[in-house]
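Colleague: I have a model open and would like to go through it with you. Can we take chain B piece by piece?

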Amino acid sequence: MAKPSRRGERLIGLFLLGCLLFNFPLLALFNVRETVLGIPLLYAYLFTAWGFVIALVAVIMERTD
Amino acid sequence: MLQGWVIVTASFGYIGLLFAIAYYADKRAAAGRSIITPVIYSLSLAVYATAWTFYGSVGRAASDGVGFLPIYIGPTLMILLWWFVLRKVIRISKVNRITSLADFIGSRYGKSALLGGLVTVIAVIGILPYISLQLKAVSSSFQILLQYPEIVMPEKGGAVAILQDTAFYVALFMALFTIAFGTRTLDVSERHEGMVAAIAFEAVVKMIAFLAVGAFVTFGIFGGASDIFGQAAQRPDLARLMTPFGDSQVTHASWVWLTVLSMLAIIFLPRQFQVAVIENVDEKHLSKAVWLFPLYMLAINVFVLPIAFGGRLAFPAGDVDADTFVLTLPMAFHQEGLALLVFIGGLSAATGMVIVETIALSTMVCNDFAMPILLRWKWLDLTRRSNFPALLLDIRRGAIIGVLLLGYFYFRIAGEAYALVSIGLISFAAVAQFAPAAIGGLYWKGGTRLGALAGLSAGFGVWLYTLLLPAFAKSGWLGIGFLESGPFGVELLRPDRLFGLAGLDQITHAMFWSMTANIGAYVLVSLLSRQSAAEHSQATLFVDVFTQTGERGRVWRGTTSASALQTLLGRFLGPARAAELFRAYAQERGHESIDALEADAELVNFAEIQLAGTIGAASAHTMVSTVAQEEPLGIDEVMTIIDEASQVIAYSHKLEEKQQELEQATASLKAANERLQELDRLKDDFVSTVTHELRTPLTSIRAFSEILHDHPDIDPAERHRFLGLIIKESERLTRLINQVLDLAKLESGHAEWQTAEVDLNEIVTDAVSATSQLFKSRGVVVEAHATDRVPKVLADRDRVMQVMLNLLSNAVKFCPEGKGRVQVRLSEEPGGVRIDVQDNGVGIDREHLGVIFEKFRQVGDTLTEKPAGTGLGLAICRQIIDHFGGRLFVQSEPGRGSTFTFTLPRIEPAAAAGLAMGAR
């Protein structure tokens with residue numbers, strides 16, 4: 001397990017990343033009529049980014065080194 | 001066709017299963033083997049996903065694409081900060097036995113009953129729309145399902161009589177169900193493990209149901225998500241939803257505000273506070289929840305967009321409410337079983353929310369609203385009653401029924417004017433009003449009770465005006481003119497365009513104004529008002545919870561007895577439980593029995609905290625103070641405290657002074673040490689110089705003696721000359737040693753002085769005549785300008801004579817032979833007598849003037865010129881003159897001669913008298 005303080009710092013870093021990913025102006029970039037594998041780009045982006053953030057949290061919290 | 005009894009039986013079967021799970025969990029908890037694991041804790045947090053998520057998200061997505069997502073992304077972001085914020089809240093709540101959000105805020109601001117009550121009122125009113133949303137969802141889904149396989153939208157709620165309204169029965173049924181669920185016993189810790197387990201199970205059910213219908217729509221009706229989106233892209237009104245920012249309802253501002261709103265809701269919704277904080281059994285569970293719970297939200301939202309688009313494609317006429325797509329799509333495609341599963345899933349989402357929300361609200365209403373009022377009514381004499389637990393339970397049961405009925409009436413009044421999500425957002429905005437007081441209270445010690453009251457009132461007032469009243473107005477319950485032209489026709493006060501702020505959607509508009517008013521009032525009033533002692537100690541307790549040891553901050557002074565406290569606790573918790581608690585407390589402190597306990601501040605605190613777990617902090621404080629009369633701080637005691645404080649201050653001042661003294665002593669010691677080292681060095685120099693000066697004549701003597709010894713046949717004239725030299729060097733040696741001894745005596749103060757009145761005129765005359773032979777032999781003229789009009793001085797005649805002789809012999813030494821001229825002048829000056837010895841010799845270089853009075857300093861090139869003296873004469877002279885209080889100094893011009901001058905002070909009359917007396 002990472003040291004609690006490092007863990008806290010990483011979570012805050014991730015929070016800031018999340019604020020960036022799920023906010024303007026970054027969202028406007030994906031607000032276009034494109035599709036990825038048939039799925040509108042904006043939808044694909046939001047869910048992928050969301051899953052990415054959750055995966056990172058899981059890694060931060062569950063790491064046992 | 002699905003018969004009504006099938007649906008009802010399935011529903012009750014499902015509810016029965018919930019009871020079984022809760023029963024099992026409670027049994028396990030009672031046996032000390034809690035089934036609450038990190039996973040169950042995470043799943044219980046999913047009570048966040050209600051009928052709103054289950055039915056409403058699809059409805060929202062069908063009208064503005066991704067507009068439903070901030071509600072889930074906000075919590076995902078917030079949860080990253082939970083590690084700091086929620087962990088602190090949990091720790092504080094455990095330490096203080098907080099039972100609800102109202103308790104938390106009231107407790108933070110000095111255990112204020114008023115504040116707790118206000119929070120309760122805001123929470124109950126604010127949550128009503130949210131509860132009505134659940135009732136609406138369940139009743140309409142029931143009505144739709146009853147019509148299977150026809151798809152008929154239910155009639156408007158207001159159109160049927162109450163007794164024929166499904167929603168009314170749903171409300172009653174849920175109230176009874178919740179009462180049976182949450183208020184069977186009075187738990188001291190206010191924790192309900194059975195409920196948590198059931199909620200976790202419900203989370204799984206609603207997830208399975210939603211994923212099932214999602215998979216059916218996506219892969220059963222259509223050929224995968226890309227097929228749905230592909231077909232939708234052909235329709236302009238649907239294609240628009242794929243890029244919703246800009247050309248749809250979703251503005252940047254509303255996206256951001258919804259995110260912020262849901263970030264606050266995930267903490268301050270009463271039910272979220274209940275499951276996340278009150279029901280938390282171990283802080284460590286958080287570390288799993290922070291990623292499992294967002295993962296749950298992600299999973300339950302994956303199929304929202306496909307279902308929404310699928311519904312729009314399947315019902316192109318638009319006569320089917322998008323909020324019902326989740327149910328109507330399986331029905332339209334004749335999936336009877338799936339439709340029933342969806343109904344059960346929706347039921348589980350709604351019941352989960354209603355159970356936890358109403359339990360949390362009933363705890364608030366009981367502990368923070370009813371109790372403080374009841375306890376103040378003296379005629380009820382509640383403190384004497386013994387059936388308190390039963391009374392508490394009754395209050396809670398009443399609160400649950402009341403909240404659900406109010407929710408129902410809200411549904412009848414305003415429920416039909418909005419879609420599900422819009423109804424829910426009104427509640428979100430209400431609970432967001434708790435954020436400034438609660439978060440401010442966590443990190444800012446300066447927040448005061450008045451500030452919190454002002455902030456909450458202002459925020460809630462704006463919320464009422466900008467969100468709740470328009471909701472009533474839109475449903476026709478209030479005149480619509482109030483909305484369109486403002487109250488009394490004042491346009492500026494239009495509730496949806498307050499002060500002319502247009503262009504924002506309703507929630508964004510309301511959030512901006514309410515948060516501005518709330519935070520502004522909280523901070524401003526906090527800054528302007530003062531904290532009481534109790535507020536201050538609670539503020540410290542909350543803000544510094546992680547840095548505190550077990551010590552409680554509160555000052556308690558008063559008198560009571562342990563048995564009185566135990567009796568009090570017994571009335572609320574039951575005598576057996578109270579005795580058990582006290583026994584455990586006594587054992588912890590090493591006492592044999594309860595009788596040994598002293599009713600000190602610590603015990604009073606202990607009792608208060610135990611009581612707080614049941615009836616809330618404010619009420620517990622009131623109750624304990626009925627038996628433990630806390631004496632108010634008198635002016636005398638305040639003075640004593642101030643006195644003690646000033647003593648401490650005085651003491652520290654003293655310490656400071658002492659330190660300064662020490663520093664000074666150190667500095668002078670240091671200086672003395674430096675001086676000693678300097679003296680030591682001087683001594684070494686002196687010894688080495690003396691040794692050198694002694695060796696020179698000794699070497700000469702030895703050399704001539706050796707010549708005489710080794711050459712017995714040396715010429716007698718030569719021998720005579722050598723012997724003369726030996727004698728001369730010996731004399732010089734003797735003189736040197738005498739002078740060194742003399743100087744040593746003078747310097748050490750051991751010299752013998754024979755002080756008497758001395759006539760300087762006589763000394764000058766004597767000195768000149770004593771050296772006249774020397775002057776004659778060198779052909780130097782000496783003139784003495786003596787006068788007998790000078791006063792006598794107090795001195796040692798021999799010593800002054802020594803000085804005179806020294807100066808004269810020096811003068812003759814440096815005068816040119818034959819042309820030399822030395823003048824001695826005696827004169828009177830203010831305060832004493834002055835003697836000048838002037839010569840016309842070589843003079844002294846300016847650079848040497850300062851050093852000629854030092855030991856062994858001889859002016860001139862010592863390498864080429866034979867030293868003409870010992871180098872000690874002037875040093876001795878200065879010592880002598882200094883001793884008598886005079887001065888010896890020299891003025892000189894190179895090539896034109898030097899003037900050595902010394903002064904001696906005249907005799908003071910008193911000293912003369914003293915001397916005369918001593919002489920007698």
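Colleague: Why is helix H14 of chain B largely enclosed by the rest of the structure?

Modeller: This is a predicted model, so read everything here as computed. Helix H14 of chain B covers residues 270–278, and nine of its nine residues are buried, so the rest of the structure largely encloses it.

Colleague: Which residues of H14(B) are buried?

Modeller: They are B:Pro270, B:Arg271, B:Gln272, B:Phe273, B:Gln274, B:Val275, B:Ala276, B:Val277 and B:Ile278.

Colleague: And how much of chain B counts as buried?

Modeller: The figure is 45% of its 920 residues. The chain has 36 helices and nine strands. If you take contacts between residues at least 6 apart in sequence, 81% of them join residues at least 24 apart.

Colleague: Next, two helices. How do H26 and H28 of chain B cross?

Modeller: The axes of H26(B), residues 562–573, and H28(B), residues 601–615, come within 10 Å and cross at roughly 10 degrees. An angle under 35 degrees counts as roughly parallel, and that makes H26(B) roughly parallel to H28(B).

Colleague: Which residues make that contact?

Modeller: From H26(B), they include B:Leu565, B:Leu569 and B:Phe572. From H28(B), they include B:Val604, B:Ala607 and B:Leu611. The residues of the contact of H26(B) with H28(B) divide into 11 nonpolar, two polar and no charged.

Colleague: Now the sheet. What is the strand order?

Modeller: It is an open sheet of five strands in chain B, ordered E4-E6-E7-E9-E8, and the pairing is mixed. Strands E4 (781–785) and E8 (887–893) are the edges, each pairing on one side only. From one strand to the next, the twist averages 15 degrees.

Colleague: Do E7 and E9 of chain B run parallel or antiparallel?

Modeller: Antiparallel: seven bridges join E7(B), residues 832–839, to E9(B), residues 897–905.

Colleague: Which residue in E9(B) stands opposite B:Gln838?

Modeller: That is B:Thr899.

Terms used
Residues numbered from 1 in each chain as written. Chains lettered and ligands numbered in written order. Predicted model: local features only at pLDDT ≥ 70, side-chain atom pairs only at ≥ 80, totals over all residues. Helix = DSSP H or I, 4+ residues; strand = E, 2+ residues; numbered from the N terminus. Buried ≥ 20, exposed ≤ 12 C-beta atoms within 10 Å, placed from the backbone. Contact = placed C-beta atoms within 7 Å. Axes fitted to C-alpha atoms, helices over the stretch in contact; angles between N-to-C directions. Parallel < 35°, antiparallel > 145°, perpendicular 65-115°, else oblique. Nonpolar A, V, L, I, M, F, W, Y, C, P; charged D, E, K, R; others polar. Pairing = 2+ DSSP bridges.
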